[in-house]
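This briefing walks through a protein model for a reader who is new to looking at structures. Please keep the picture in view while reading, and look for each residue as it is named.

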Amino acid sequence: MDSFNASDVAFREIIKAPNTKYRIPRFQRSYAWTKDNAEDFLSDLESGGEQTFFAGSVVLNVNEESHGNVGIIDGQQRMITSTLLLAAIRDLYHENGIVKLAEEVQEDFIGSERRGKWSWRITPADQLKEFFKENIQNYPKKEFPSKRSLNAEKVRVMDNYHVFYERLS
């Protein structure tokens with residue numbers, strides 16, 4: 001019989017867990033956070049100051065490990081949104097000549113390259129996976145495709161990245 005464990009863990013510990021990659025299963029809903037959600041998320045982070053910020057729960061299926069991946073059962077919206085925020089921070093560091101910090105954000109929180117192969121901290125469900133890899137996770141950043149060529153989920157990802165990028169600029 002499977003058991004259930006709950007514990008308080010800092011987001012940093014989740015996203016930086018050694019040899020752990022997170023996968024959003026196919027059955028999860030598509031990325032749905034709007035620009036308003038992204039603005040609220042960033043405002044909540046900013047208003048927390050030095051205090052601990054509770055970003056909500058993340059439920060992981062650690063028994064589902066397959067090829068080093070842990071399934072995200074709940075919290076996928078926050079995990080994707082956090083990655084968008086981290087990508088915006090990385091890109092701003094890079095554009096301001098702080099390349100070492102940009103590379104640290106990339107390696108520690110988004111993905112790293114070893115022997116020519118990329119390993120991503122989070123892999124969205126199939127319908128978003130390639131777009132997310134090409135436009136958010138890859139470093140250095142490249143230009144986004146035209147919104148006209150994108151579905152609503154990809155537009156939300158792009159819009160929320162821009163919310164963070166513009167607010168932090």
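**A charge, a ring and the chain around them**

In this predicted model, Lys141 lies over the face of Tyr165, at 4.7 Å from the ring centre. The protein chain that holds this pair has six helices and six strands, and, read along the sequence, these follow the pattern α-β-α-β-β-α-α-β-β-β-α-α. The points below begin with the aromatic rings, and then turn to the core, the helices, a strand residue and the loops.

**Aromatic rings**

- The structure holds six aromatic pairs. In one of them, the rings of Tyr161 and Tyr165 have centres 5.9 Å apart and planes at 25°, so this pair counts as stacked, the limit for stacking being planes under 30 degrees apart.
- Tyr161 and Tyr165 are four residues apart in helix 6, which means that about one helical turn separates them.
- Tyr161 counts as buried because its relative accessibility is 1%, and Tyr165 is buried as well, with a relative accessible area of 16%, given that buried means under 20%.
- Ring pairs also link Phe131, Phe144, Tyr161 and Tyr165 into a cluster.

**The nonpolar core**

- In soluble globular proteins, nonpolar side chains tend to be buried together.
- Here the largest nonpolar core has 38 residues, and those with the most contacts inside it are Leu84 and Phe164.
- The elements that give two or more residues to this core are helix 1 (11–15), helix 2 (35–47), strand 3 (69–74), helix 3 (76–95), helix 4 (99–110), helix 5 (126–137) and helix 6 (152–168). The largest share, eight residues, comes from helix 3.
- Which residues does Phe164 touch, not counting residues up to four places away in sequence? They are Ala38, Phe41, Leu42, Thr81, Leu84, Leu85 and Ala88.

**Helix 3**

- Helix 3 has 20 residues and reaches 28 Å from its first C-alpha to its last, which is close to the 28 Å expected at 1.5 Å a residue.
- Gly97, which follows helix 3, has a positive phi, near 80°.

**Helix 6**

- Helix 6 has 17 residues, which at 1.5 Å a residue should span 24 Å, and this agrees with its end C-alpha atoms, which are 24 Å apart.
- The buried residues of helix 6 include Glu153, Asp159 and Asn160 as well as Val155, Val157, Met158 and Val163, and the buried residues of this helix pack against helix 2, helix 3 and helix 5.
- Leaving aside its neighbours within four places in sequence, Asn160 is in contact with Tyr31, Trp33, Thr34, Lys35, Ala38 and Leu84.

- Tyr22 has its place in strand 1 (residues 21–23), and Tyr22 is buried, with a relative accessible area of 3%.
- Although Tyr22 and Pro124 are 102 residues apart along the chain, their C-alpha atoms are separated by 8.5 Å.
- Not counting residues up to four places away in sequence, Tyr22 touches Ile14, Ile15, Ala17, Leu60, Val70, Ile72, Met79, Arg121, Ile122 and Thr123.
- Among contacts in the protein chain between residues at least 6 apart in sequence, 63% join residues at least 24 apart.

**Loops and backbone details**

- What kind of peptide bond joins Tyr139 and Pro140? The bond is cis, with omega about 0°, and Pro140 is placed in the loop between helix 5 and helix 6.
- Arg115 lies in the loop between strand 4 (111–114) and strand 5 (117–120), and its phi is near 50°, a positive value in a residue other than glycine.
- Arg115 counts as exposed because its relative accessibility is 85%, while exposed means over 50%.

**The chain as a whole**

- Of the 169 residues of the protein chain, 39% count as buried.
- The protein chain exposes about 10,200 Å², of which carbon and sulfur atoms supply 48%.

How values were computed:
Residues numbered from 1 in each chain as written. Predicted model: local features only at pLDDT ≥ 70, side-chain atom pairs only at ≥ 80, totals over all residues. Heavy atoms only, no water. Core = buried A, V, L, I, M, F, W, Y, C linked by side-chain atoms within 4.5 Å. Buried < 20%, exposed > 50% of the residue type's maximum accessible area, 1.4 Å probe, protein only. Contact = heavy atoms within 4.5 Å. Phe/Tyr/Trp six-rings, centres within 6.5 Å; stacked < 30°, edge-to-face > 60°. Lys NZ or Arg CZ within 6 Å of the ring centre and 35° of its normal. Areas by Shrake-Rupley, 256 points an atom, 1.4 Å probe, with all protein chains shown as cover. Expected span 1.5 Å × (residues − 1).
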